[in-house]
Amino acid sequence: MSDIVTIRDLRKVYAGGFEALKGVDLSIREGEILALLGPNGAGKTTLISTICGITTPTSGSVLVGGHDITTQYRAARGLIGLVPQEISLEPFETVERTVRFSRGLFGKRRDDALIERVLRRLSLWDKRDSETKALSGGMRRRVLIAKALAHEPRVLFLDEPTAGVDVELRRDMWEIVAEMKRDGVTIILTTHYIEEAEAIADRVGVINGGRILLVEEKDALMRQMGRKEIIVHLTTPIAAVPEALAPYDLELGGAGDRLVYGYDTRTGERTGITALLNAVAAAGLTLRDVETRQSSLEDIFVDLVGRHDPPSGPDTPQTSADPQETAQ
């Protein structure tokens, strides 16, 4: 699979001296969904704004479809669709005219059939004659996506696309993203919702402090960096872990009726589980049940960011709130 976006040593320093991007290197494959995760102030929005031509890079290079964003900005920008965090629409304009106007901004000929297909895909066709001010927040966000798709981009940037929408609408948005991927659109998604990346991304990138810490296949990332736990439920609670089980570094959980054993998935078959269960039985403990738990992408994210000098301020990835990025 060829790369459609190539970023090399990209840096952005603002007038006050704040360095938002610190030598970013990133290649994005054609037709993939890349989820870009990072805490507040990590540089996600600055990176997207720079690629899309909204922010001027201090140094480095970005190619989109082989076109340099600085020297060939018209050709590069014509391949890009952007759905920004903030909902900004002309309140008294209708949905259909809003989307059609966006197509015209890119010098594309009028194509009513295409506009209809886009609006129907986003469940906006029955709202085509409605003024945008009359729409719900979720519907206005769909209009933003329609605007971004109107000129048929090959690369679509979604900057916090489901921020502030309810769970049901968020799932609808995921289905829309999956459909766009099937049409061959490359999608770069920034999100605070870890479950969003876990549900739809092909690869996951982690950015913090203006640097890309890691880019990896989602499933491989969870295999390589994830941990598993085996939880042994006991029929009778105990006050402390027996001395004979000390080599297994167990944690006593619940009301003293659970033994928690963590192990690295990279060890393959040699997890020590069989020996552990034999040792538990030899210690005179009776098992009621045994369960395993796999690390989530959120666990991996928190661990990775915590090991790379996070910026000051609120750094924890969100699972339900809608924080906006700061220091971008």
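Mentor: We may, bearing in mind that this is a predicted model. A search of the whole structure finds one cavity of 30 Å³ or more.

Trainee: What volume does the largest cavity have, and which residues line it?

Mentor: A cavity is a space where a 1.4 Å probe fits but cannot get out. Here the largest cavity has a volume of about 40 Å³. Its lining consists of Ile-145, Leu-158, Pro-161, Thr-162, Met-173, Trp-174, Val-177, Leu-189, Glu-196 and Ile-200. By class, these divide into eight nonpolar, one polar and one charged. Helices α6 and α7 (194-200) each supply at least two residues of that lining, and the largest share, three residues, comes from α6.

Trainee: How is the largest pocket to be described, and which residues are closest to its centre?

Mentor: A pocket, by contrast with a cavity, is an open set of points. The largest pocket in this model holds about 270 Å³ of space. Of the 16 residues that line it, the closest to its centre are Gly-53, Ile-69, Tyr-73, Arg-74 and Arg-77. The lining divides into eight nonpolar, six polar and two charged residues. Both α1 (44-51) and α2 (73-78) supply at least two residues, and α2 gives the most, with five.

Trainee: Let us turn to strands. Which way do the side chains of strand β3 point?

Mentor: In a regular strand the side chains alternate between the two faces of the sheet. In β3, Ile-33, Ala-35 and Leu-37 point one way, whereas Leu-34 and Leu-36 point the other way, and all are buried.

Trainee: Why is β3 described as largely enclosed by the rest of the structure?

Mentor: The description follows from burial, which requires under 20% relative accessible area. Strand β3 (residues 33-37) is largely enclosed because five of its five residues are buried.

Trainee: Which strands pair with β3, and over how many bridges?

Mentor: Strand β8 (residues 186-191) pairs with β3 in the parallel sense over five bridges, with Ala-35 opposite Leu-189. Strand β9 also runs parallel to β3, joined by four bridges, and there Leu-37 stands opposite Val-206.

Trainee: Is Gly-205 buried or exposed, and what does it contact?

Mentor: Gly-205 lies in β9 (residues 203-208). It counts as buried because its relative accessibility is 0%. Leaving aside neighbours within four places in sequence, Gly-205 is in contact with Leu-34, Ala-35, Leu-36, Leu-37, Leu-214 and Val-215. Its C-alpha is 9.9 Å from that of Phe-301, 96 residues apart along the chain.

Trainee: Where does Ile-4 lie, and is it buried or exposed?

Mentor: Ile-4 is in strand β1 (residues 3-13), and with 3% relative accessibility it counts as buried. Beyond four places in sequence, Ile-4 touches several residues, among them Ile-28, Leu-63, Val-155 and Thr-186.

Trainee: Finally, what covers the buried residues of helix α5?

Mentor: Helix α5 (residues 137-149) has 13 residues and reaches 19 Å from its first C-alpha to its last, close to the 18 Å expected. Its buried residues include Arg-141, Arg-142, Val-143, Leu-144 and Ile-145. The cover includes β6 (80-83), α3 (95-105), α4 (112-121), β7 (155-159) and α6 (167-182).

How values were computed: Residues are numbered from 1 along each chain as its sequence is written. This is a predicted model: local features need pLDDT of at least 70, side-chain atom pairs count only at pLDDT 80 or more; totals for chains, interfaces and linings use all residues. Side-chain values use heavy atoms; hydrogens and water are left out. The expected span of a helix is 1.5 Å times one less than its number of residues. Buried means under 20% relative accessible area, exposed over 50%, partly exposed in between (1.4 Å probe, protein chains only). Contact means heavy atoms within 4.5 Å. On a 1 Å grid over the protein atoms alone, a cavity is a set of points where a 1.4 Å probe fits but cannot get out, and a pocket is an open set with protein on both sides within 12 Å along at least five of seven lines; lining residues have an atom within 4 Å of a point. Grid points are joined across faces, edges and corners, and a volume is the space filled by probe spheres set on the points. Ala, Val, Leu, Ile, Met, Phe, Trp, Tyr, Cys and Pro count as nonpolar, Asp, Glu, Lys and Arg as charged, and the others, Gly among them, as polar. Two strands pair if DSSP finds at least two bridges between them.
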